[in-house]
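Take a look at the sequence and the structure first, then read on.

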Amino acid sequence: MPDHYMHGFGNEFETEALPGALPQGQNSPQRCPYGLYAEQLSGSPFTAPRSANERSWLYRIRPSVKHTGRFARISVRNWKTAPHIDDHGLPLGQLRWGPQPIPSESLTFVTGMRTMTTAGDVNTQTGMAAHLYHVTEDMTDDYFYNADGELLIAPQMGGLDIATELGLIAIGPGEIAVIPRGMKFKVGQSDGPSRGYVCENYGAKFTLPERGPIGANCLANRRDFKSPVAWYEEKETPCRLTVKWCGGFHRTEIGHSPLDVVAWHGNYAPYKYDLRSFAPVGAILFDHPDPSIFTVLTAPSGEAGVANVDFVIFPERWLVAEHSFRPPWYHVNIMSEFMGLIYGQYDAKAHGFLPGGVSLHNCMLPHGPDKEAFDKASFGELKPHKLTDSLAFMFETRYPQHVTEYGAKLPTLQSDYIDCWRGLEKNFDPKRREWTGP
Ligand SMILES: O=C(O)Cc1cc(O)ccc1O
Ligand SMILES: [Fe+2]
């Protein structure tokens, strides 16, 4: 799959797959070059402030009305949408799941989506869902778009070739792609079966967090985000388009590919980002800062500083803090934390939290380093230490995350997870101010 990208986050891009296909000087010429149809795809209300206003102009072989016909409702068994509160009986608690083997059945990116948690309400465009996906089959003649939100896709094993209306995106483990709400696409495997994580964001789009006093550089830099150049598929064979709309799945049969955009311009575009290009800023003298310093993308909720979803990573970095407990502290958080591991080990849980696995620390549920991590961090020598070959992430939302029936019944659910804190004994001794160990 050729990969040609234009660099920059939220840029006003323009691109054409045929010379002169993109109208110049106006959006809606009386007749478009090559007999194309002009169509606007709006990612924000027309009247959104300029800084949040997103739309693209697509010059396509057929208008989208020809890519939808009469819909028939279909079922996609394990893809759930908030509000969705299953009566599965799983008691409240901190939860962790091991990775799942790649299934032997034939699963596309859509049919292989398994929802672990839902939060908020798609009908009010608030909240999110956290999914695991398994892909063992390409969506050759199957196309999809999601009216319910944008999809942040993070492969953990195997790469994905994502063909979108605006062009081709290839990603592998360590990279993410974001497919905007309403954009048609299909997904294929680039090197065998793939599995990974998806955040479906029902709310306002992901954007870059403010850097405050950090200044103009570091964290996720704009130039490292890549959007595809125009590419189209001219195919006059039976195809299917599935639309996810307010939690329902609706399919229509069409006689051609809907990925027929020959040229486009605008700032509403899919993009990819290599998480290893994130430039972390952290504790260079003492203490453990809040994980918000590792926010790659944030989807605001309208209330300042209270995210609908933050996408946060825990990348390779040096740990140098002096006289400090270096791993995450014990904490109780109003935000709900869904974590995954792409590769390596996570410093608060060196064992049990495995690549492809999941942990869920919901609203106001205490968590922190396991006994092993506590001992290691409390008594280890504090020389500079590099955390290498490790990449964990978190979907952190203001809304409580409800575990689905699917998640509750998964055999990989670790019933002994909370035992990881069992060995944290009482060390308190009012006669020993200087505590040097048990
Ligand atoms: O719970 C977790 O492991 C994620 C996390 C990491 C960190 O460094 C600080 C707070 C936090 O929630
Ligand atoms: Fe946490």
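The chain splits into domain 1 (66-259 + 270-275) and domain 2 (276-415), with bounds that come from an automatic or database domain assignment. Keep in mind that this is a predicted model, where local features need pLDDT of at least 70, side-chain atom pairs count only at pLDDT 80 or more, and totals for chains, interfaces and linings use all residues. Residues are numbered from 1 along each chain as its sequence is written, while chains are lettered from A and ligands numbered from 1 in the order in which they are written.

**How the two domains meet**

- Taken over C-alpha atoms, the centres of domain 1 and domain 2 are 23 Å apart.
- Across the boundary, 50 residues of domain 1 are in contact with 53 residues of domain 2; being in contact means that the C-beta atoms of two residues, placed from the backbone, lie within 7 Å.
- On the side of domain 1 that touches domain 2, the elements giving two or more residues are β6 (95-97), β7 (113-121), β8 (126-135), β10 (150-157) and β15 (194-201).
- β7 makes the largest contribution to that side of domain 1, with 7 residues.
- Sorted by class, that side of domain 1 has 24 nonpolar, 18 polar and 8 charged residues. Here Ala, Val, Leu, Ile, Met, Phe, Trp, Tyr, Cys and Pro count as nonpolar, Asp, Glu, Lys and Arg as charged, and the others, Gly among them, as polar.

**The chain as a whole**

- You'll find 2 helices and 28 strands in the chain; these are DSSP runs numbered from the N terminus, with helices being H or I of at least four residues and strands being E of at least two.
- The chain is as compact as a globular protein of 438 residues, because its radius of gyration is 23 Å, close to the 22 Å from the globule rule. That radius is taken over C-alpha atoms, and the rule is 2.2 Å times the number of residues to the power 0.38.
- The C-alpha trace spans about 85 × 45 × 40 Å along its principal axes.
- Of the 438 residues, 42% are buried. Buried means that 20 or more other C-beta atoms lie within 10 Å of a residue's own, exposed means 12 or fewer, and partly exposed is in between, with C-beta atoms placed from the backbone.
- Looking at contacts between residues at least 6 apart in sequence, 80% join residues at least 24 apart.

- An unreviewed UniProt entry gives "domain: Homogentisate 1,2-dioxygenase C-terminal" at residues 277-428. UniProt positions follow the numbering used here, feature names are shortened, and annotations may be inferred rather than shown by experiment.
- Residues 277-428 are 9% helix and 30% strand, with 43 Å between the end C-alpha atoms.
- The feature "active site" is placed by UniProt (unreviewed entry) at H288, which sits in the loop between β20 (271-274) and β21 (295-303).
- H288 is partly exposed because it has 16 C-beta neighbours inside 10 Å.
- Apart from neighbours within four places in sequence, H288 is in contact with A283, A321, S324, F325, R326, P328 and W329.
- UniProt (unreviewed entry) also lists H385 for "binding site"; H385 is in strand β26.
- H385 has 14 other C-beta atoms within 10 Å, so it counts as partly exposed.

**Around ligand 1**

- The residues around ligand 1 are P291, P328, H331, N333, E337, A348, H361, H367 and M394, each with a C-beta atom, placed from the backbone, within 6 Å of it.
- By class, that shell has 4 nonpolar, 4 polar and 1 charged residues.

- Most residues other than glycine have a negative phi, and most peptide bonds are trans.
- The peptide bond from A82 to P83 is cis, with omega near 0°, and P83 is in the loop between β5 (72-74) and β6.
- M364 has a positive phi, near 65°, without being a glycine; M364 lies in the loop between β25 (358-361) and α1 (371-379).
- M364 is exposed, as 11 other C-beta atoms lie within 10 Å.
- D389 isn't a glycine either, yet its phi is positive at about 45°, and D389 is in the loop between β26 (385-387) and β27 (391-397).
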